[in-house]
Amino acid sequence: MSTSTKTQKHRSARAGWLAAALALIVSPAAPAQPASPLTFDDALQLAVADSPRLTAQARAAEAATAAITPAGQLPDPKLTLAVDNLPVNGADRWSLTRDFMTARRVGVVQDFPREEKRRLREERARAEADKEGATLAAQSAAVRREIAAAWLDQWFAQAQVGALEELEPEAALLVDIARAQLAGGKGSAADALAARGAAVTLQDRLAEVRRDLLRTRSALVRWVGAAATRSLAAPPDLTALSAPPERLLANIEHHPALSAYGPMAAVARAEVGLARAAKQPDWSLELAYQQRGPAFSDMVSVAVHIDLPLWGEKRQDPLIRAREKQLEQVEAEREDARRMHAAEIRADIATWESAKERAARLANELVPLARERTAVALAAYRGGRGDLNAVLAARSNEVETRLMTIRQQAELGQAWARLNFLLEAHTAESR
């Protein structure tokens with residue numbers, strides 16, 4: 001290849017690199033796409049999929065399930081190694097071969113618990129697995145309620161910030177109007193100072209609700225991680241539950257917090273059965289091979305061992321009574337929990353219905369009235385027919401009415417979250 005040809009290729013390569021570099025410099029980088037808003041359902045899915053609490057309980061349920069089959073099996077056999085009839089004095093002392101009675105024994109012992117006991121142990125293990133599964137369902141429902149409450153807390157905290165930020169331009173406008181009135185000889189310095197003070201007060205309230213927003217966001221981070229920094233989509237319909245309120249009370253037995261008591265009672269009943277079965281003897285079989293000295297024959301032994309539960313009034317009977325009392329304890333605790341949760345459901349239903357009614361009244365009636373009052377007072381002040389105090393009072397009332405409306409909606413949301421994820425059926429449908 002000639003030198004001129006090589007030079008031409010190098011120039012072409014440099015020209016290509018230069019063109020590419022210029023294209024990168026001149027062409028602006030594509031703007032990063034903003035993250036999509038975090039929806040309520042997305043938050044639920046993220047929290048459930050990445051919950052260490054649910055992972056731990058799921059492993060506990062798997063471990064309990066794996067223990068069911070071994071619980072009903074026979075115990076492992078035992079190997080026995082022994083020396084029988086070893087002389088300790090005389091001419092044959094410590095000899096393993098000279099005395100005809102001395103034998104080295106190797107054997108196997110197999111215990112045979114009664115079939116009823118094995119069945120009861122398997123039932124107990126199965127009930128333990130059911131209890132862990134019920135606990136997993138209860139934990140799943142609790143996680144959904146907690147993430148729902150955290151998401152709604154942040155949404156309403158954002159709503160408070162937005163409501164106050166909407167009033168900032170009006171506060172600044174009122175300050176300008178007061179200054180213009182003062183400059184035109186229609187107002188007073190006190191009015192200008194009062195308008196400025198109202199604007200500063202609004203800024204202070206805004207700083208307070210922004211602080212609350214950061215707190216709610218830190219709580220949401222626990223459940224969804226970095227996704228908590230995304231804006232939130234519109235909340236679900238808080239005026240409708242997944243099940244009618246009357247159904248929640250009618251199906252109180254399916255409350256997640258009560259679902260574990262059935263398996264707990266089954267465990268206690270199996271314990272009672274095992275305590276009673278302990279009064280019936282078990283047995284074991286032993287088979288041994290005995291090797292003696294060269295001058296004597298080897299031997300085989302067979303033995304049967306039988307338990308003798310002779311003192312039941314001091315051993316088995318007290319244990320039976322203890323297990324029966326434990327069963328009664330579980331049943332009493334279940335009834336107490338049922339009454340407690342029924343009372344909680346009634347209270348939450350009352351809170352939800354009342355909050356729904358009040359939130360609608362505030363949003364549809366009081367907020368428009370407060371807004372109209374502020375507009376009328378401001379128009380009168382600008383026209384020279386009213387005073388600034390009336391405007392400031394109307395604005396203060398509007399601010400408090402807006403915040404009260406959001407707080408009432410937040411109370412509605414919290415009651416909704418407690419009720420909407422109550423039944424196991426709904427929890428299963430939401431997975």
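A residue is called buried when its relative accessible area is under 20%, and exposed when this is over 50%. The legends below use these words for a predicted model.

**Figure 1. Helix α3 and its buried face.** The buried residues of helix α3 are Leu54, Gln57, Ala58, Ala61 and Ala64. Viewed along the axis of α3, these residues lie within an arc of 125°, so they line one face of the helix. An α-helix has 3.6 residues a turn, so residues three or four places apart point the same way. Cover for the buried residues of α3 comes from elements including α2, α4 (68-71) and α5. On the face turned away from the buried side, α3 carries the exposed residues Pro52 and Ala66.

**Figure 2. Helix α3 from end to end.** Helix α3 runs over residues 52-66, which is 15 residues. The expected span is 1.5 Å times one less than the number of residues. For α3 this gives 21 Å, and the end C-alpha atoms are 21 Å apart, so the two values agree.

**Figure 3. The largest nonpolar core.** This core holds 47 residues, and Val224 and Trp416 touch the most other members. Two or more residues come from each of the elements α2 (40-49), α5 (115-183), α6 (189-224), α8 (261-277), α9 (316-382) and α10 (388-420). In soluble globular proteins, nonpolar side chains tend to be buried together.

**Figure 4. Surroundings of Val224.** Which residues does Val224 contact, leaving aside its neighbours within four places in sequence? They are Leu38, Ala43, Leu46, Ala47 and Ile147.

Figure 5. The chain has 11 helices and 4 strands, and 35% of its 431 residues are buried. Of the contacts between residues at least 6 apart in sequence, 81% join residues at least 24 apart. The average pLDDT is 87, and 90% of the residues score at least 70. Over residues 1-33 the pLDDT is below 50, and this stretch has 3 contacts in the model beyond near neighbours in sequence. Residues 424-431 also have a pLDDT below 50, with 17 contacts beyond near neighbours in sequence. Where pLDDT is low, the predicted coordinates should not be read in detail.

Note on methods
Residues are numbered from 1 along each chain as its sequence is written. This is a predicted model: local features need pLDDT of at least 70, side-chain atom pairs count only at pLDDT 80 or more; totals for chains, interfaces and linings use all residues. Side-chain values use heavy atoms; hydrogens and water are left out. pLDDT is the predictor's confidence in each residue, from 0 to 100. Contact means heavy atoms within 4.5 Å. A nonpolar core is a set of buried Ala, Val, Leu, Ile, Met, Phe, Trp, Tyr and Cys residues joined through side-chain atoms within 4.5 Å. Buried means under 20% relative accessible area, exposed over 50%, partly exposed in between (1.4 Å probe, protein chains only). The arc is that of the directions from the helix axis to the C-beta atoms.
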